[in-house]
Amino acid sequence: MFLACEPASRMRWRGRELERGVAAGRMGLSVRAVFFDLDNTLIDTAQASRKAMLEVIKLLQSKYHYYKEEAEIICDKVQVKLSKECFHPSNICITDIRTSHWEEAIQETKGGTANRKLAEECYFLWKSTRLQHMTIAEDVKAMLTELRKEVYLLLLTNGDRQTQREKIEACACQSYFDAIVVGGEQKEEKPAPSIFYYCCNLLGVQPGDCVMVGDTLETDIQGGLNARLKATVWVNKNGVVPQKSSPMPHYIVSSVLELPAILQSIDCKVSMSASST
């Protein structure tokens, strides 16, 4: 059940809050809440997008007789455009913007007049295929289920409201979290401290009670540092070597499944610190 504002749900929330307080105290946990990023942290968005691009390449080859190289160039151009997206959430239609990405990429590659109809076909095939491949692995689900018995879990994801909500529905992750916050629905996104404070207020915790887990140094980790959370955990699946100017996470893992051990490590450090005072 999600955190809600209705009076009837407050009693259930308070009851669960007491239960977790007892559980946390029993286990000696110093962390009260964990904030998770979504894309490439809990779901493999990059891989889903690659699979979707392959379907578009097949479409362009089989139905429209494009050379494979042309279709690949178009998809590469779209990927670049996606990576450079920057817009204000209140005045955009994500469908129009992303259809235009395809329209521009096709025209840049093939020349001639713009083909909006083909662009729409490519976009919706890419989108639907990508969503089909956005799933949370069973071992990750099991980890979330166990963690939620001990601490509050909150999903904190940047991005356009429509896009992120569709991903959340596709991977059916709602039941694993106490609250879900989408950056595109807020005044500011990660790494702004304000969105982290908003999350803390939702759960009734302090920044020093929370851990941020994510794959992006510039938003997830920098945001957690900006908000002075207890710890930040960088999920570095591909062994990327960060630049010297990049924010420094408290912990680095290659898989989100390493998180329970990290939480225990944090608690051990807190216990040792307390015993030495």
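1. Strand β1 is joined by four bridges to strand β4 (residues 210–214), and the two strands run parallel. Within this pairing, V34 has V211 of β4 as its bridge partner. Please keep in mind while reading that this is a predicted model, and that every value below is computed from it.

2. β1 also pairs with strand β2 (residues 152–157), again in the parallel sense and over four bridges. Here A33 stands opposite Y152 of β2. In a regular strand, side chains alternate between the two faces of the sheet. The residues of β1 can be read with that in mind: A33 and F35 point one way from the strand, V34 and F36 point the other way, and all of them are buried.

3. For the setting as a whole, the protein has ten helices and six strands, and buried residues make up 46% of its 277 residues. Among the contacts between residues at least 6 apart in sequence, 67% join residues at least 24 apart. The protein exposes about 14200 Å², of which carbon and sulfur atoms supply 54%.

4. How many aromatic pairs does a search of the whole structure find? The search finds three. One of them joins F36 and F177, whose ring centres are 6.2 Å apart; since their planes stand at 70°, and an angle over 60 degrees counts as edge-to-face, the pair is edge-to-face. F36 lies in strand β1 (residues 33–36), while F177 lies in the loop between α7 (161–171) and β3 (179–182), so the pair ties together parts that are 141 residues apart in sequence. Both partners are buried: F36 has a relative accessible area of 0%, and F177 likewise counts as buried at 0% relative accessibility.

5. Another pair is formed by Y123 and W126, with ring centres 6.2 Å apart and planes at 35°, so this pair is tilted. The two residues are three apart in helix α5 (residues 116–132), and are therefore separated by about one helical turn. Y123 counts as buried at 3% relative accessibility, and W126 counts as buried at 2%. Ring pairs link Y123 and W126 with F124 into a cluster.

6. Which residues of helix α8 (residues 193–203) are buried? They are I195, F196, C199, C200 and L203. Seen down the axis of α8, these buried residues fall within an arc of 145°, so they line one face of the helix. The helix is followed by G204, whose phi is positive, near 70°.

Definitions and conventions
Residues are numbered from 1 along each chain as its sequence is written. This is a predicted model: local features need pLDDT of at least 70, side-chain atom pairs count only at pLDDT 80 or more; totals for chains, interfaces and linings use all residues. Side-chain values use heavy atoms; hydrogens and water are left out. Rings of Phe, Tyr and Trp (its six-membered ring) pair if their centres lie within 6.5 Å; planes under 30 degrees apart count as stacked, over 60 as edge-to-face and the rest as tilted. Buried means under 20% relative accessible area, exposed over 50%, partly exposed in between (1.4 Å probe, protein chains only). The arc is that of the directions from the helix axis to the C-beta atoms. Contact means heavy atoms within 4.5 Å. Accessible areas come from the Shrake-Rupley method with a 1.4 Å probe; for residues, only the protein chains shown count as cover. Two strands pair if DSSP finds at least two bridges between them.
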